[in-house]
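Dear colleague,

Please find the structure below, handed over for your records. My notes on it follow directly after.

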Amino acid sequence: MVLSISSTCTLEEVAACCNAVRFFQLCVYKRRDITAKLVQRAENNGYKAIVLTGDSPRHGGREADIKNKIIIPELKNVEGLLSTKIVADKGSNLDALANQTRDPSFSWEDIGWLKSITKLPILIKGLLTHEDALKALEVGAAGIIVSNHGGRQLDYCPPTISVLEEVVRAVGGKVPVFLDGGVRQGTDIFKAMALGAQAVLVGRPVLYGLAAKGENGVRRVLEMLKEELELTMALSGCSNVKEITRSHVRTKHDRQLLSLL
C-alpha cells in the first residue's frame with residue numbers, strides 16, 4: 001500500500017492497524033524541515049520506501065475542482081506542522097493549499113538531499129519518457145512509477161500504458177518499473193506485465209469499492225482484479241506471472257510495423 005501524504009489518517013495510525021508492506025507518498029514542501037520530519041516518521045514506523053511525486057511542481061488546473069470550489073478535509077499527517085486552513089474565495093481550496101505550501105523549485109538535483117535524510121529507497125512517481133527514466137537512474141532512484149497522475153495534472157499527456165515500454169527499455173532492468181493509471185480489470189494488469197512492469201498501482205477502483213461497500217468493497221475490488229488476472233493468464237497459456245511475455249500483446253506500434261511488411 002502507498003499511503004498518501006494527504007491521508008485523513010496519520011501514517012502512525014495506518015502502521016498500527018496492519019502488517020502490509022507500506023510505502024509513503026511524499027510531496028516536498030517549501031519548508032524542508034516539515035518534509036524531513038514526515039520522512040523520518042515514515043522510516044520510524046516501518047514504511048519500506050518513499051514514493052516521491054515528481055510530476056507536480058505546480059498543481060494542475062483541475063477545472064471541476066475550481067468550479068465546485070472543492071474543500072479538502074483536514075490533512076492529519078501535517079497536523080501541528082503546517083496550517084491547512086486556507087480560504088479560497090475563488091476556486092479550489094486544494095489548488096490554493098498546494099500552491100502555497102509545496103516547493104515548485106524542487107528538482108533532480110534535490111534528490112541527493114532527500115537521499116541524505118533517509119535510509120529508505122526512493123521511488124520516483126510521474127515519469128513518462130525515456131529521458132526522464134535515464135535521469136532518474138542518474139540521480140539514484142531505486143524504482144520508477146510510470147504515472148500521469150490519473151490524468152489530472154496536464155491535459156493531453158499520454159496514457160501510461162502507451163509509454164510504459166519506452167521507460168522499461170530505458171531502464172534496462174536496473175531498477176523496478178511499476179505502472180500507475182488506467183488499471184480497471186485484470187486484463188490491464190496482464191498487459192502491463194507483458195510490456196515490462198513488475199507491478200501495477202490501483203487507485204480509483206479501490207475508492208469506488210470503498211464508497212460502495214466500505215472495507216468489504218475494497219477487498220472485493222482486489223479479489224476481482226486477482227480473479228480476472230488469473231483468468232486472463234489461464235486463457236493466454238500462462239501458469240505463473242513469469243510466463244507473461246512481450247509476445248502476449250500487440251501494440252499500435254506493432255501493428256504499424258506489420259503493415260509495412
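Leaving aside residues up to four places away in sequence, Leu-164 touches Val-146, Val-177, Leu-179, Ala-192, Leu-195 and Ala-197, where contact means heavy atoms within 4.5 Å. This is a predicted model, in which local features need pLDDT of at least 70 and side-chain atom pairs count only at pLDDT 80 or more, while totals for chains, interfaces and linings use all residues. Residues are numbered from 1 along each chain as its sequence is written, and side-chain values use heavy atoms, with hydrogens and water left out.

Leu-164 is also one of the residues that touch the most other members in the largest nonpolar core, which has 62 residues; Phe-24, Tyr-47, Ile-50, Ile-144 and Val-146 are named with it. A nonpolar core is a set of buried Ala, Val, Leu, Ile, Met, Phe, Trp, Tyr and Cys residues joined through side-chain atoms within 4.5 Å. Buried means under 20% relative accessible area, exposed over 50%, and partly exposed in between (1.4 Å probe, protein chains only).

**Aromatic rings**

One aromatic pair is counted, under the rule that rings of Phe, Tyr and Trp (its six-membered ring) pair if their centres lie within 6.5 Å, with planes under 30 degrees apart counted as stacked, over 60 as edge-to-face and the rest as tilted. The pair is Phe-24 and Tyr-47, and it is edge-to-face because the ring centres are 6.2 Å apart and the planes stand at 75°. Phe-24 belongs to strand 2 (residues 23–26) and Tyr-47 to the loop between helix 2 (32–44) and strand 3 (49–53), so the pair ties together parts 23 residues apart in sequence. Helices (H or I, at least four residues) and strands (E, at least two) are DSSP runs, numbered from the N terminus. Phe-24 is buried at 0% relative accessibility, and Tyr-47 is buried at 2%.

The charged end of Arg-22 sits over the ring of Tyr-47, 4.9 Å from its centre; the rule requires NZ of Lys or CZ of Arg within 6 Å of the ring centre and within 35 degrees of the ring normal.

**Cysteines**

The count of disulfides (pairs of cysteine sulfur atoms within 2.5 Å) is zero. For Cys-157, the nearest cysteine sulfur is that of Cys-27, 16 Å away.

With kind regards
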